[in-house]
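Here is a short briefing on a single protein chain.

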Amino acid sequence: MVVLAFNTPFNFPIGVALTLNFPTTTKGELRPERKTKRSGLPNTCHGPTVQNYMHKSFNYWEIQHRQKGLRHSIQKKWRYLCSYVPNLFFNYENSDTITRVLLLRKLQNINTFSLFDDTKRNYHQIETWITFAVERSVQNIDIYLTVHLDSPRCLFTCKTLIDLRLDHCGLIPDRGSIVFLPHLKRLHLIHVKYEGDDSLSHLISGCPVLEELLLQLCIDYCSCKISSPTIKMLDVSYHFDKESENQDYNKVEINTPALVYLELLDYANQHIKCRALTSLIEADIEID
């Protein structure tokens, strides 16, 4: 049974656009791909990496100029190109390449650090790379790993971070750990791990200017409480365990008075409670 609980009659302001979808897909039928509004950096990075770009450049010049001396001169100029780029995108790069690029950096600050990888990494390597970016005032971090690894604690006290996206990686610390991201505006957490039942609410409370929150949850051991006076865009999908014996833990509470856009996908048929949404303009709710 699905329970949608709202204080007084729905608490939606006049003029709000509300969509309720109850899919009737049959067994074996594929659900159409969901469309979600996004802003900022893409979840996955497409396009050439620094290494691939340099490699293609070398091949081009080798075809055009066979002279050994000229080829050596060109390679020398391109060698330290990656030392001056503010945005670093690593797609399926080996560890030596990533470490070498970071060590060759000449710029003090890093604007974007993105890592997309499907190989088994050493935790200390990931910790070193993220710490390197944090120490250089990184503003955007986007990490996708197919093998789950925890994230260093310094990631949750980065004073310059504006956009943080963790996909299948990271451990959200519980109360008692310091969490303070004073400039974070966009937070995407996709199938990350949580240290305790209050980890999510503890993280949100440490983001005083957070405006966009995307969550994909697949947990059966904690209730989900989202409370923030600044969040304007909220996109949440739940994949709780329907067979969980403790139903008190399978509850979702939303308290976001400044919310303008809400997208909610509930594949677990759990209890959802929303407080007054006086600023809401559009809501897309799908319940399976």
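E195 counts as partly exposed, at 40% relative accessibility; the class lies between buried (under 20% relative accessible area) and exposed (over 50%), with a 1.4 Å probe and protein chains only. This is a predicted model: local features need pLDDT of at least 70, side-chain atom pairs count only at pLDDT 80 or more, and totals for chains, interfaces and linings use all residues. Residues are numbered from 1 along each chain as its sequence is written, and side-chain values use heavy atoms, with hydrogens and water left out.

**Salt bridges**

- The side chain of E195 meets that of R153 in a salt bridge, at 2.7 Å from N to O. A salt bridge here is a side-chain nitrogen of Lys or Arg within 4 Å of a carboxyl oxygen of Asp or Glu.
- E195 is in the loop between β9 (193-194) and α5, and R153 is in the loop between β5 and β6 (163-167), so the pair ties together parts 42 residues apart in sequence. Helices (H or I, at least four residues) and strands (E, at least two) are DSSP runs, numbered from the N terminus.
- R153 is partly exposed, with a relative accessible area of 40%.
- The structure holds 5 salt bridges.
- R165 and D163 form one of them, at 2.8 Å from N to O. Both R165 and D163 are buried.
- D163 also bridges to R186, with the closest N and O atoms 2.9 Å apart. D163 lies in strand β6 and R186 in strand β8 (residues 186-190), so this pair joins parts 23 residues apart in sequence.
- The relative accessible area of D163 is 1%. R186 is partly exposed, at 22%.
- Salt bridges link D163, R165 and R186 in a network.

**Aromatic rings**

- There are 3 aromatic pairs. Rings of Phe, Tyr and Trp (its six-membered ring) pair if their centres lie within 6.5 Å; planes under 30 degrees apart count as stacked, over 60 as edge-to-face and the rest as tilted.
- F90 and F113 have ring centres 5.9 Å apart and planes at 55°, so the pair is tilted.
- F90 sits in strand β3 (residues 87-91) and F113 in strand β4 (residues 112-117), 23 residues apart. F90 and F113 are both buried.
- F116 and Y144 make a stacked pair, with 4.7 Å between centres and 20° between planes.
- F116 is in strand β4 and Y144 in strand β5 (residues 140-145), so the pair ties together parts 28 residues apart in sequence. Both F116 and Y144 are buried.
- Y92, F116 and Y144 are linked into a cluster by ring pairs.

- S95 belongs to helix α3 (residues 95-103) and is buried, at 15% relative accessibility.
- Beyond its neighbours within four places in sequence, S95 is in contact (heavy atoms within 4.5 Å) with R121, Q125 and W129.
- V209 lies in the loop between α5 (199-205) and β10 (212-217). V209 is partly exposed, with a relative accessible area of 33%.
- The C-alpha atoms of V209 and H183 are 6.3 Å apart, while the two residues are 26 apart along the chain.
- Leaving aside neighbours within four places in sequence, the contacts of V209 include P182, L184 and T230.

**Whole chain**

- The chain has 5 helices and 16 strands.
- Of its 288 residues, 43% count as buried.
- Among contacts between residues at least 6 apart in sequence, 56% join residues at least 24 apart.
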